[in-house]
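Let's take a walk through this one together.

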Amino acid sequence: MIPDLGKYAVEVLSAYAASLALLGGLIYLTLRRGRAARAELRDIEKEVGKNG
Amino acid sequence: MSIWQYANPVKFLTLSEKVQPILWVVATVCVVTGLLWGFFGTPDDFRQGSTVKIIYLHVPTALMAINAWFMMLVASLIWLIRRHHVSALAAKAAAPVGLVMTLIALVTGAIWGQPMWGTWWAWDPRLTSFLILFIFYLGYIALWEAVEDPDTAADLTSVLCLVGSVFAVLSRYAVQFWNQGLHQGTSIPVATGERTVSDVFWYPLLTSMIGFGLLFLALVLYRTGTEIRLRRAQALRNRMERRL
């Protein structure tokens, strides 16, 4: 399935692998932090609501 | 109706949550299409061989690395002039995205440079200014983390952003300014529109560039929402502590 990349196969594949890993990491950390922030705000709003 | 109404965090979040699902879908479709098209559907270049396939990553990320800094510059200026917290938080939210884009551009450039130039790195004007831009991103993020008071942090990082803009401009125009070094000039001059890239490479590249631009926007909107929520949580926590 992978096209014939000739003598530069290692360079091309490593460029794609490194880039996709960095992008994937960025998206994963962004979503994880976002979910944590939502949960934190929800908890503290609940607490504020309880204490008036 | 004024654009400044979106300086209100609630209005910003409402609009942002509406736009984001579409933005994420279109961005993903464009990035995936651009990269798959470029990787599987384009021929080798007669000089660069298959390394030409690296441009579908290198060019869009380099473009976004510079444009992210300009977006941060505009947001920082809005903070300094109008004191809208959302703009300061948007600048903060964009920095890690810009940092990753810069890193990908540097890494893919080095991987491409080794077989084409015979070196991973050269102290060429564009490469050097790009490396300095990367260091500015790191400094900007570190400064936000180092200063406890959020308004002071926003002030200091805005000033740092103004200074760093010099290197963002240099990264873009270094080849024209110095007319030396290994890095070639742009193949897609926006001003003249006389691109030197053939259609077979251009269309997947354009798709990838649009995709990375939209991905940047989606990430920044999402991250700005996160920053707003964290700021609100901190404000509520401070209020509770004062009552105790």
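Where is the place of B:Arg83? B:Arg83 sits in the loop between α2 and α3 of chain B; helices here are DSSP runs of H or I with at least four residues, strands are E runs of at least two, and both are numbered from the N terminus. Before going on, some housekeeping: this is a predicted model, where local features need pLDDT of at least 70, side-chain atom pairs count only at pLDDT 80 or more, and totals for chains, interfaces and linings use all residues. Residues are numbered from 1 along each chain as its sequence is written, while chains are lettered from A and ligands numbered from 1 in the order in which they are written.

Most residues other than glycine have a negative phi. B:Arg83 is not a glycine, yet its phi is positive, at about 60°. B:Arg83 is partly exposed because 13 other C-beta atoms lie within 10 Å (buried takes 20 or more within 10 Å, exposed 12 or fewer, partly exposed is in between, and C-beta atoms are placed from the backbone).

Now look inside. The largest nonpolar core has 69 residues, a core being a set of buried Ala, Val, Leu, Ile, Met, Phe, Trp, Tyr and Cys residues joined through C-beta atoms within 7 Å. Among the members that touch the most others are B:Ala68, B:Val97 and B:Phe216. The elements giving two or more residues to this core are α1 (9–51) of chain A and α1 (9–41), α2 (55–82), α3 (85–117), α4 (125–146), α5 (150–178) and α6 (199–243) of chain B. The largest share, 17 residues, is from α3(B). Leaving out residues up to four places away in sequence, B:Phe216 touches B:Met64, B:Ala68 and B:Val97 (contact: C-beta atoms, placed from the backbone, within 7 Å).

What about chain A? Its secondary structure is 1 helix and 0 strands, and its C-alpha trace spans about 70 × 20 × 5 Å along the principal axes. Buried residues are 17% of its 52 residues. Where the chains meet, 25 residues come from chain A and 30 residues from chain B.

Finally, confidence. Chain B averages a pLDDT of 90, pLDDT being the predictor's confidence in each residue, from 0 to 100. The model scores ipTM 0.92 and pTM 0.92.

Notes:
Two residues are in contact if their C-beta atoms, placed from the backbone, lie within 7 Å.
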